[in-house]
Amino acid sequence: MAADSEPVPLETLAGLPEFYHPAVAPDGDRVALYYDGTGRNELHLLDRATGDHRPVTDGEVPRDATWHLRWGADGERVLCHRDDDGDEQNDLVAVAPGSGRSPSVETLVAHDGQAQLRDVADGSILYASDHGGQLNCYRHDMATGTTTRVTDHDQPVFGGVFAPDGERVAYVANESDRLENRDVYLAVPGEDPRHLDLGTDGSETWAVDWFPDGDRLLVDDDSDDTSRIGIHDLTTGTTRWLTPDAATHPEKSVAVAPGGERVVGVRERRAATMPLVYDVASGEARELALPEGAAGLEGQRWSGARVFADDDTLLLGHSTAARRRTLYEYDLAADEARERLPPAYGDLDPSVFVDASYVTYGSDGTPKPFGDDDTGGAPDHYDIGGLLFDPRDGPSRPDDATDVPGIVYVHGGPHFQTSRRFNVYIQFLVSQGYAVFAPNYRGSTGRGREFRHAIHGDWGGAEQADIAAGGRWLMDRDWVDADRVGVMGGSFGGYSVFCQLTGYPALWAAGIAWVGITDLHRLYAEDMPHFKHSLRTQMGDPEDDRALWRERSPIEHADAVERPLAMYHGVNDPRCPVEQSRLFRDALVDRGLEAGTDFEYEEPQAEGHGSTDIDRKVRQFEFMADFLERRL
């Protein structure tokens with residue numbers, strides 16, 4: 001880039017405070033959230049009337065804010081996850097805020113495996129755990145300390161929400177031979193689980209919330225490819241779909257208003273996730289009057305945390321590609337939003353951040369990186385959508401720059417998408433003068449079931465061709481230096497970096513893989529039970545499909561790497577264990593390559609699959625910035 005470019009100071013950008021997982025208290029007057037204003041994640045309470053918030057913990061909650069929180073039913077305590085240095089083998093604790101920063105912290109659930117908080121009822125919590133083998137739901141009585149198993153499925157159980165009576169539980173599981181199938185079940189004490197007649201074999205159906213009468217469930221289903229929001233009546237066994245039959249954009253449920261007259265959900269379109277509200281009586285819907293971006297309601301959909309303060313007032317986080325997350329209080333009756341917790345920018349001018357342009361390019365899924373075989377099937381042609389961040393749109397970028405280096409940023413998942421939410425990693429890269437292109441390759445969410453499932457049985461195949469085609473699209477911009485375009489990503493995005501540098505070794509100038517995957521069989525052997533199930537769902541049986549699993553494991557192709565590679569992997573990662581990167585590092589060393597010269601490698605201690613901790617973000621940014629400056 002030109003010499004007059006002024007990149008945002010790394011420590012300043014990584015150190016901007018952020019909030020996570022807002023949850024409205026039962027009285028509607030307070031909001032619990034995580035906030036890292038001191039440089040470390042802490043539990044804060046926000047007063048709705050004033051917008052003021054204060055920390056109530058001093059190191060008693062995890063440094064990493066990955067996992068959500070909930071209020072207890074009495075509004076006296078906040079329930080949190082707690083792990084050991086990012087290993088995600090969570091315990092569940094209750095934090096009773098005091099007047100200062102010395103809360104009472106009680107451990108409620110402690111297992112050897114992972115515990116995931118799902119819901120709260122009077123005196124009880126519902127959680128899922130894999131300590132018994134597979135991920136199933138349990139009810140814990142906080143008064144007696146006794147725990148009762150609620151579900152007993154061989155495949156993982158997702159969701160889980162108490163009925164208003166506090167006895168019945170709606171949850172999602174699968175007993176079909178089609179592993180991608182999701183069905184809704186009702187657990188009633190003393191009875192066998194009741195399978196609800198929703199969806200079709202192979203579709204994903206979810207029960208997200210109850211109506212206050214206890215007879216209806218807020219659900220969504222993608223039987224018609226595009227996910228739709230509906231109301232299922234347990235007394236009649238019928239479903240009324242609120243999303244119109246002709247809808248082209250997926251819609252997902254989030255919550256029912258306390259009085260049951262409204263439901264809120266999200267609509268996914270062109271990499272935006274927009275909040276919308278349905279009037280139950282009329283069936284009319286409207287998107288909330290917020291900028292095109294990403295609503296944090298998607299996260300609250302999974303956590304079940306309360307989002308309504310009352311029938312007319314919704315609390316939600318929302319950001320755009322260029323504007324950091326804001327906590328809004330939305331008046332549904334007046335259709336107006338007001339800020340309750342504005343984004344913090346410190347000494348930075350917010351205009352330094354660059355907005356995204358939504359673009360599409362064609363990809364027929366070929367050539368596949370490791371050859372076109374019959375195992376993965378013939379790929380289809382898709383128009384792939386993506387977000388382009390042009391550093392020339394920044395405040396000090398010259399309009400005539402024609403030698404801009406580029407990065408293709410690959411999201412994880414793979415069932416995820418890079419959306420129009422503020423992404424500090426992308427903005428960091430753009431501030432350094434890189435053009436960033438984030439493709440939502442086949443397998444991504446936001447496009448319907450067919451597109452999402454197009455990756456099944458074909459990891460490392462057509463979706464990698466989509467990513468490579470996205471790289472070529474970026475290189476074809478007349479203002480981008482085609483010889484200085486790299487690829488980077490984390491988790492499945494890290495797997496993609498390994499696939500790109502081994503399957504398309506001459507395409508890229510460099511690659512950065514963090515918490516990536518290199519050996520599918522080793523991953524299957526070391527992963528948590530519900531992640532094993534996900535891998536089987538998407539790639540078949542590890543022995544029956546052994547040839548495919550080996551072909552699509554980048555470690556088998558390590559000899560093909562030609563360009564500089566950086567690997568960054570937390571030692572406590574339970575999803576993509578650190579052995580995945582160690583294997584690839586060792587394979588490069590066996591070739592005679594030297595760490596620090598031919599490739600870069602770092603294992604941050606006391607860190608798992610990722611971190612929201614500011615010091616750890618700074619360290620990762622420094623590693624990335626140093627590598628890119630030298631290699632691109």
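Biologist: In what order do the four strands of the open antiparallel sheet run?

Modeller: This is a predicted model, where local features need pLDDT of at least 70, side-chain atom pairs count only at pLDDT 80 or more, and totals for chains, interfaces and linings use all residues. Residues are numbered from 1 along each chain as its sequence is written, and side-chain values use heavy atoms, without hydrogens or water. Strands here are DSSP runs (E, at least two residues), numbered from the N terminus, and two strands pair if DSSP finds at least two bridges between them. The pairing is antiparallel, and the order is β5-β6-β7-β8.

Biologist: Which strands stand at the edges of that sheet?

Modeller: Look for strands with a single partner. One side of each edge strand is left without a neighbour in the sheet, because each has one partner strand. The edge strands are β5 (70-71) and β8 (104-109).

Biologist: How many helices and strands are in the chain?

Modeller: Helices are also DSSP runs (H or I, at least four residues). The count for the chain is 11 helices and 37 strands.

Biologist: What is the radius of gyration of the chain?

Modeller: The radius is taken over C-alpha atoms, and the globule rule is 2.2 Å times the number of residues to the power 0.38. For 632 residues the rule gives 26 Å. The chain comes close to that, so it is as compact as a globular protein of that length, with a radius of gyration of 24 Å.

Biologist: What percentage of the residues count as buried?

Modeller: Buried means under 20% relative accessible area, exposed means over 50%, and partly exposed lies in between (1.4 Å probe, protein chains only). Of the 632 residues, the buried share is 61%.

Biologist: Is strand β9 enclosed or open, and how many of its residues are buried?

Modeller: β9 covers residues 115-121. It is largely enclosed by the rest of the structure, because the buried residues number seven of the seven.

Biologist: Which residue in the turn between β9 and β10 has a positive phi?

Modeller: β9 pairs with β10 (residues 124-129) in the antiparallel sense over six bridges. V120 stands opposite I125 in β10. The two strands form a hairpin with two residues between them. The phi is about 80 degrees, and the residue is G123.

Biologist: What is the relative accessible area of L46, and is L46 buried or exposed?

Modeller: L46 is found in strand β3 (residues 42-47). Contact means heavy atoms within 4.5 Å. Not counting residues up to four places away in sequence, L46 touches residues including V31, L33, L327 and L341. L46 is buried, with a relative accessible area of 1%.

Biologist: What is the relative accessible area of R338?

Modeller: R338 is found in strand β29 (residues 336-341). Leaving aside neighbours within four places in sequence, R338 is in contact with R48, L327, Y328 and E329. R338 is partly exposed, at 42%.

Biologist: How many residues of helix α3 are buried?

Modeller: α3 spans residues 424-431. Its cover includes α1 (10-14), β31 (382-389) and α11 (614-631).
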